[in-house]
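Work through the exercises below with the sequence and the 3D view open. Try each task before reading its solution.

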Amino acid sequence: MAALPLPKNDINNTKFTIDVKEMPSDSILVLCQSSTHGESEYALHNPRSLILSETECSYIIGNMASYDGRQYPLAPTEKRPEGQGYCHTLVIPKARIFNVVDPIATNNACAVLQELRTHFLRFWATESGKLAILSRAKKALEDRDHALLDPPPGNGRGQRPPEYTMAVRTAVFADFERLQTEFLRLRGEDDFLFGFHVFPENSIGHLHMHVFPHDNSFREHSTKDYDYKTVPLQAILEVEEEDAAAGMSVLMNGLGNGAG
């Protein structure tokens, strides 16, 4: 099947308005104000082309790293730099929040985390959103390909790595084209993993949600090295719900004992 056309410009920059009325009361204060720690400076220090979409509360950003480990033949196996799956994408809050362990992230029934997921799903539900994610992923492949074919001189690395043969290069791009048709057939929430690298296993000090297809067919050439520290959003929501229920039970028991 012929490759689907992708937009020439890899930035979609769609703006969404998330209906905060669907969320717990007071969530808008947590989500859309800067918090006591200030606002994220992501947009100030990174190319605008990496921001695929934004709401008042969050950004969807493209991964600068290729998802295909075959493009990192010199990387040590214990710390792979490639993404965790095909079209690995990130969603980050605009408020400066350290990590998912920060109480701001889990206040109000995890409203911040749920907004990140809602933003992605609404973006994914649009044709332009799907194509923007694919375009960004292909740009990462092309950028890495260029770096391998024309590596910077110095440190004995001025030549193309011998492992990155023309056959491997052809396979990398052929697999991308083959998978994009299946990628566009994904329906939504049940097809993606929404996860967090929880402190102290986080790589950077700013909350960000990883999103990629969980089916192994989309992860054949992606790293599994970080799976052990990738905590699914649903697991966090369930723990927080259990904690809230336990707290309510303690409160009610206390009130009952006091009444007696």
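The model is predicted: local features need pLDDT of at least 70, side-chain atom pairs count only at pLDDT 80 or more, and totals for chains, interfaces and linings use all residues. Residues are numbered from 1 along each chain as its sequence is written, and side-chain values use heavy atoms, with hydrogens and water left out.

**Exercise 1. State whether Phe183 is buried or exposed.**

Solution. Start with the cut-offs: buried is under 20% relative accessible area, exposed is over 50%, and partly exposed is in between (1.4 Å probe, protein chains only). Phe183 has 1% relative accessibility, so Phe183 counts as buried. Next, take Tyr86. Its relative accessibility is 0%, so Tyr86 is buried.

**Exercise 2. Find how many aromatic pairs there are, and classify the pair of Tyr86 and Phe183.**

Solution. First, the rule. Rings of Phe, Tyr and Trp (its six-membered ring) pair if their centres lie within 6.5 Å; planes under 30 degrees apart are stacked, over 60 edge-to-face, and the rest tilted. Applied here, the rule gives 14 aromatic pairs. In one of them, the ring centres of Tyr86 and Phe183 are 5.3 Å apart and the planes meet at 70°, so this pair is edge-to-face. Now place both residues. Helices (H or I, at least four residues) and strands (E, at least two) are DSSP runs, numbered from the N terminus. Tyr86 sits in the loop between strand E3 (58–62) and strand E4 (89–93), and Phe183 in helix H5 (residues 166–184), so the pair ties together parts 97 residues apart in sequence.

**Exercise 3. Classify the pair of Phe120 and Phe194, and say which parts the pair ties together.**

Solution. The ring centres are 5.9 Å apart and the planes are at 75°, so Phe120 and Phe194 are edge-to-face. Phe120 belongs to helix H3 (residues 103–124) and Phe194 to strand E5 (residues 192–197), so the pair ties together parts 74 residues apart in sequence. Both Phe120 and Phe194 are buried. Finally, widen the view. Ring pairs join Tyr67, Tyr86, Phe120, Trp124, Phe176, Phe183, Phe192, Phe194 and Phe218 into a cluster.

**Exercise 4. Identify the ring that Lys130 lies over.**

Solution. A charge sits over a ring if NZ of Lys or CZ of Arg is within 6 Å of the ring centre and within 35 degrees of the ring normal. Lys130 lies over the face of Trp124, 4.9 Å from the ring centre. Trp124 is also a member of the ring cluster.
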